[in-house]
2 protein chains.
Amino acid sequence: MAPAELTGTSTALLTDHYELTMLGSALTDGTGDRDCVFEVFARRLPNGRRYGVVAGTARVLDAIADFRFTDAELTQLEQTAVVDSDTLSWLADYRFTGDIDGYPEGELYFPGSPILTVRGTFAEAVLLETLLLSILNHDSAIASAAARMSSAAAGRPIIEMGGRRTHEMSAVAAARAAYLAGFATTSNLEAGRRYGIPTRGTTAHAFVLLHDSEEAAFRAQVAKMGADTTLLVDTYDITKGIETAVRVAGPELGAIRIDSGDVGVLARKAREQLDALGAKDTRIMVSGDLDEHAIAALRAEPVDAYGVGTSVVTGSGAPTAGMVYKLVEVNGRPVAKRSEHKASRGGRKSALRRHKPTGTALEEVVYPTGKPPERGEHDRELMIPLMRSGQPVDDLPTLEDGRQRLRRGLVSLPWEGLKLSHGEPAIPTTFS
Amino acid sequence: MAPAELTGTSTALLTDHYELTMLGSALTDGTGDRDCVFEVFARRLPNGRRYGVVAGTARVLDAIADFRFTDAELTQLEQTAVVDSDTLSWLADYRFTGDIDGYPEGELYFPGSPILTVRGTFAEAVLLETLLLSILNHDSAIASAAARMSSAAAGRPIIEMGGRRTHEMSAVAAARAAYLAGFATTSNLEAGRRYGIPTRGTTAHAFVLLHDSEEAAFRAQVAKMGADTTLLVDTYDITKGIETAVRVAGPELGAIRIDSGDVGVLARKAREQLDALGAKDTRIMVSGDLDEHAIAALRAEPVDAYGVGTSVVTGSGAPTAGMVYKLVEVNGRPVAKRSEHKASRGGRKSALRRHKPTGTALEEVVYPTGKPPERGEHDRELMIPLMRSGQPVDDLPTLEDGRQRLRRGLVSLPWEGLKLSHGEPAIPTTFS
């Protein structure tokens with residue numbers, strides 16, 4: 001029994017009206033049965049970024065499993081006359097039965113990288129366009145921004161805490177994408193449940209304000225959570241807050257958090273004060289409008305952990321990855337839009353990445369599937385099978401695999417590829 | 001029986017870990033029972049915008065109804081040791097029983113406007129912070145951007161078609177927010193189902209590429225959908241595409257769509273060509289990376305409808321509204337963060353907007369609830385009751401009410417408030 005029928009969580013209407021009208025026309029004139037290849041790629045990286053990070057692939061596979069037209073969806077389409085009765089009958093039996101290959105999660109991508117290819121009849125593959133793009137565009141945008149932050153943090157842990165700044169369900173996916181990209185933990189409890197990501201959190205300013213004094217709030221927190229907790233010291237005066245924090249929790253206090261102001265300067269003063277109070281092992285966590293640039297600027301400061309919210313869940317200036325889903329092959333024949341603008345390359349493609357003997361990436365080579373270029377010793381094929389005949393393949397990479405893959409990928413970039421400034425992609429894409 | 005138990009769609013974990021740890025501490029030390037007022041407001045409008053648009057309020061009320069800790073949520077919190085067993089028992093019985101007032105959807109807001117106030121015990125009200133902010137921050141960001149586009153379109157219809165550029169569930173909420181802000185239709189079928197928004201769509205480039213020729217594709221579409229459809233004419237050569245379109249559909253062709261290139265120039269040429277072919281009533285729809293500035297620049301061109309995607313679902317440069325949820329009153333006593341940065345104003349507040357006799361808005365007056373300033377003849381109270389004792393009030397405004405409210409609101413702005421350039425808020429906020 002399909003999950004969609006059981007739970008009422010069909011993903012089938014998370015799509016654009018025109019997928020259904022195209023389907024209706026294609027079923028009528030017989031072209032719906034043609035074998036097609038659709039390809040997901042990005043024409044460019046946003047904002048002068050130097051690399052992108054693939055994320056969302058696992059969510060895509062789950063969403064396809066739930067892509068079912070149950071009675072509820074069919075009734076809606078009938079009542080709004082989106083499609084005719086023949087098309088409704090076809091939809092009632094719809095299951096995606098095709099094949100999907102793609103870049104695994106955590107893989108780097110560049111302009112033109114064939115991030116995902118979907119093979120099936122036109123009818124079955126065209127329906128997935130919107131849902132696949134929604135997931136990949138969102139999750140990859142977040143992971144791409146988060147990777148820059150992880151890289152700027154240079155080993156210091158980052159907690160993702162931006163759920164409140166984005167749609168309540170985006171928040172869950174954003175926590176996942178940030179974790180994939182190296183964040184240590186998230187504040188989002190649903191991401192903890194769905195994806196097993198470790199969650200963290202202690203108290204907000206409201207907790208201090210609720211109490212008759214800062215000291216009363218700290219006492220309540222330490223009584224409940226022990227001295228190894230994080231006390232938020234900037235509700236009133238930070239210096240007094242730190243003094244009170246150490247008085248209440250003792251020098252065993254786990255951490256303080258500073259959430260406002262010039263956090264670099266404040267962290268330095270806080271470190272001196274904590275050390276003077278004997279709280280030499282008390283960590284300093286900073287938060288408040290941090291992005292990758294702010295994190296990089298704090299590298300020399302005595303900061304032990306970062307809390308990042310708005311900037312990561314909004315993709316730090318690039319809230320979408322701009323990926324498209326293009327028909328590239330029909331019955332084995334390459335097809336492509338040929339107009340002056342937004343032209344694309346036809347034919348099913350594969351990709352490999354060339355590296356120097358030292359492991360440094362040199363170029364992304366995109367080639368017609370089945371016609372690989374001469375292989376070098378340090379080339380690496382980038383695509384893996386994800387789905388066969390509508391079923392996910394065995395042993396798909398896990399979220400942890402993706403984290404490790406990205407870590408290796410970032411190490412392989414030429415040094416200028418890790419710069420935060422605007423620039424060209426870290427490696428060129430060659431079409432062979 | 002609560003929907004959450006029936007459908008497994010509890011919203012209770014769409015929240016931050018620290019809400020639960022604060023709750024645990026507050027239940028233990030007894031402060032959890034204190035009567036509190038939390039206030040949602042924005043410190044500033046993003047990006048030099050001149051007004052914001054409230055959206056998401058109706059979704060907030062639905063989400064609170066589904067905020068239940070069922071066995072599944074309690075098990076997760078127990079297994080991950082987020083809270084202790086006393087807190088778990090408390091959560092098992094959790095229902096929000098407090099009161100909520102706020103700006104209705106479609107109302108304009110400005111820095112400091114008390115968009116929503118939540119009254120209840122600390123324990124019950126603190127839990128809602130993240131979920132309420134997620135919804136209001138997302139939906140208001142989209143509506144605020146969409147309103148600028150509607151205003152720039154000056155009566156020409158806009159179809160929202162950006163679902164593929166944002167998280168799959170954000171897409172549904174974004175379609176709703178865009179519709180609230182004056183968009184005519186959406187491509188998103190789930191938004192059609194959930195909110196009754198009219199959906200539209202015909203075909204993509206893939207449909208043309210699927211066929212052996214553009215003519216074959218147009219014939220298939222017209223055979224299925226009639227001549228009053230929209231043919232996409234820019235897959236190959238636009239001039240030939242238009243010629244073929246009119247040959248196939250006749251001069252009764254409903255519309256053409258141009259999705260790439262310099263759409264202003266192309267629309268002008270297309271209009272001439274269509275007129276010369278006798279297709280004088282055939283409409284021209286343009287799409288492709290349009291935002292409010294591009295729409296404004298097309299005002300003098302013969303464009304009949306706009307399709308807007310990426311820019312609207314990403315808030316056109318401001319993907320979040322930056323609203324916060326602050327504790328402002330405890331047991332009747334005003335409270336506020338007093339540190340140097342991010343200071344806020346304590347006490348429960350209400351708001352009214354002053355207008356000239358002509359109806360033009362003059363200022364937003366925020367005042368302590370129960371102490372209204374002297375009322376002028378053209379003042380209008382801005383907040384309405386939304387929830388009483390945990391139940392939504394009767395006769396809540398509908399989505400259509402919100403559309404009309406916003407239309408009236410935009411008309412009331414001083415003329416410079418509708419400028420698209422960066423600037424100050426259209427009216428000042430005064431705290432009395």
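**The interface of chain B and chain A**

Tutor: Between chain B and chain A an area of about 7,800 Å² is buried, and carbon and sulfur atoms give 57% of that area. Buried area here is the accessible area, found with a 1.4 Å probe, that two parts lose on being put together, summed over both. Of the area that chain B buries against chain A, 11% is supplied by B:Arg164, B:Leu189 and B:Leu210, more than by any other three residues. This is a predicted model, in which local features need pLDDT of at least 70 and side-chain atom pairs count only at pLDDT 80 or more, whereas totals for chains, interfaces and linings use all residues. Residues are numbered from 1 along each chain as its sequence is written, chains are lettered from A and ligands numbered from 1 in the order in which they are written, and side-chain values use heavy atoms, with hydrogens and water left out.

The contact (heavy atoms within 4.5 Å) takes 97 residues from chain B and 97 residues from chain A. The same surface serves both copies, for 100% of the contact residues of chain B recur in chain A.

The rule for salt bridges (a side-chain nitrogen of Lys or Arg within 4 Å of a carboxyl oxygen of Asp or Glu) finds 14 of them across this interface. One of the salt bridges joins A:Glu129 to B:Arg164, with the closest N and O atoms 2.8 Å apart. This pair crosses between chains, from helix H7 (residues 129-153) of chain A, which holds A:Glu129, to the loop between strand E6 (158-160) and helix H8 (168-180) of chain B, which holds B:Arg164. Helices (H or I, at least four residues) and strands (E, at least two) are DSSP runs, numbered from the N terminus. Another salt bridge pairs B:Arg34 with A:Asp212, whose closest N and O atoms are 3.1 Å apart. Helix H2 (residues 17-29) of chain B gives 11 residues, the largest share of the side of chain B that touches chain A. By class, that side has 34 nonpolar, 38 polar and 25 charged residues; Ala, Val, Leu, Ile, Met, Phe, Trp, Tyr, Cys and Pro count as nonpolar, Asp, Glu, Lys and Arg as charged, and the others, Gly among them, as polar.
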